[in-house]
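Please examine the sequence and the model shown here before reading the report.

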Amino acid sequence: MENIVEHPSLPIDLNQSGEPEGERPRVGMCFAPGIDFCRFCHEYAYREGFELFIKSSELLPEFKAKGVRRGGVGEKEAKADMTSRIRLKCKGGGGAAKTEGCNVTGCKMFVYGVLKGGKFEILGCDLKHNHDLNPGCSYLMVNYRSIDQGTFERAIINDNAGISINTNFSAQVLERGGFDNMNFNNRDLRNAINLDRRMSRCLGDAKALQDYLKKQHELNNDFYSCLRVDDGGTLLHAFWSDARSRESYKYFGDVITFDTTFSVNRFRMPFAPFIGINHHGSSIIFGAALITHEDTDTFVWVFEKFVKCMGKKPKGICTNQCRAIGRAVEVVFPGVPHRFCLWHLLQNASKNLGTNANWKDIDRLIRTAVHDMMHQEEFDEAWCIIMDKYCLREAGWMKEQYETRTQWAPAYCRGTFWAGMSST
Ligand SMILES: [Zn+2]
């Protein structure tokens, strides 16, 4: 029985392997257990221009016994050096549909390492790919994106000053002279900032949070908060909104955006704000939740508290494409138009199709279809042309998005409501 272990924490320090630069994995090579082996392979992948993921691995019995597992947190988190064997595989073949003409076609490239006599030894590898490699774009790949310390510290200062993450990120883009010079994206910045918020402010601690919320209520009676704890007193979820946010909702609460993508899941407490747009076109926060589970029950609880706090439902809601959120919207906001955030959708496009050799063309065509096609027929035609031209009509991201287009494509949503979301 294999225990799948999640990817070791990234970014990888790309210059610390101790192996001669430029060396390729080969059978018989030995490394210090776990981490060195993975680092060496990732460095190789970076140089060559592709990404690896841990296809499978076996935890050492001592760690299994301690309850270490995939998705574990802190001491329970599985790390590469807790394993007795690891199979790394090229992401180019990561379960993507086998479609002729596309490069995401089950690439067989792999490296297999096993713990033997205190060393990690490469027992097997196949370095052939069935797709193009792109060393010039490695820095854009998920595995290698990172935020340097200076940038991160400034982002935290901005965040503490109340500057939104979007603005924070845009400032970085401007400073670096454009997106081409970025080695992290908006979402990376969100994750990093959220992790810092959680670590430094101890929001995971129910008592600390409870005290904080109570104090806010004492300072202002209109501060609303609600906590949900389990039988053992452990915090499950929290929702709060201050007096100003509640007042703003009265004026600008027609359409709300609810988003849970502010945190990495392994910290188990995504930060989920309710956001709106004011008369200046700026984002404003109506309220926020901290949650431990991203399931329908949780979102129903959060939405119910939101309605109770605000006194009325919104006229439209915009969310990321999470099924559990979708079901909760149906329960708490029946009949309220529900749209998907276009910004997230376009982000997902690069995540799902970014490894395609024709990605630049596909990206351009998707954006044209989304932003320039005013009529439903035009949009349908443009989207279908992309699917046909790049063999994406079979099961996969393009097809799935097409099926839900009435919930996100401007050509379909025009005239109902459009949340004024960033459409870049
Ligand atoms: Zn490959």
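The report below treats the chain as a whole, then a metal site, a glycine and the cysteines.

## Basis of the model

The model is predicted: local features need pLDDT of at least 70, side-chain atom pairs count only at pLDDT 80 or more, and totals for chains, interfaces and linings use all residues. Residues are numbered from 1 along each chain as its sequence is written, and side-chain values use heavy atoms, with hydrogens and water left out.

## The chain as a whole

The protein chain contains 14 helices and 12 strands, where helices (H or I, at least four residues) and strands (E, at least two) are DSSP runs numbered from the N terminus. Of its 424 residues, 48% count as buried; buried means under 20% relative accessible area, with a 1.4 Å probe and protein chains only.

The accessible surface of the chain comes to about 21400 Å², and carbon and sulfur atoms hold 50% of that area. Accessible areas come from the Shrake-Rupley method with a 1.4 Å probe; for residues, only the protein chains shown count as cover. Among contacts (heavy atoms within 4.5 Å) with a separation of 6 or more, 62% join residues 24 or more positions apart.

## The zinc site

Cys90 (SG), Cys107 (SG), His129 (ND1) and His131 (NE2) are the protein donors of the zinc ion, at 2.0 to 2.3 Å from it. Donors are N, O and S atoms within 2.8 Å of the metal (3.2 Å for Na, K and Ca); water is not among the atoms, so sites may look incomplete. The angles among the 4 donor atoms run from 102 to 119°, and the site is tetrahedral; four donors count as tetrahedral if all angles lie between 85 and 135 degrees. The ideal angle for four tetrahedral donors is 109.5 degrees.

Along the chain, the donors follow the spacing C-x16-C-x21-H-x1-H. Cys90 in strand S3 (residues 83–90) and His129, in the loop between strand S5 (119–126) and helix H3 (149–160), are 39 residues apart and link distant parts of the chain. Cys90 is buried, at 0% relative accessibility, and Cys107 is buried at 0%.

## Gly113 in strand S4

Gly113 belongs to strand S4 (residues 110–116) and is buried, with a relative accessible area of 0%. Leaving aside neighbours within four places in sequence, Gly113 contacts Phe37, Ser84, Arg85, Ile86, Phe120, Glu121 and Ile122. The C-alpha atoms of Gly113 and Cys30 are 8.8 Å apart, although 83 residues separate the two along the chain.

The whole structure has 0 disulfides, a disulfide being a pair of cysteine sulfur atoms within 2.5 Å. Cys318 is in no disulfide, and the nearest cysteine sulfur, that of Cys341, is 5.1 Å away. Cys318 is buried, with a relative accessible area of 1%.

Methods
Four donors count as tetrahedral if all angles lie between 85 and 135 degrees; four count as square planar and six as octahedral if opposite donors are over 155 degrees apart and all others between 65 and 115; anything else is irregular. Buried means under 20% relative accessible area, exposed over 50%, partly exposed in between (1.4 Å probe, protein chains only).
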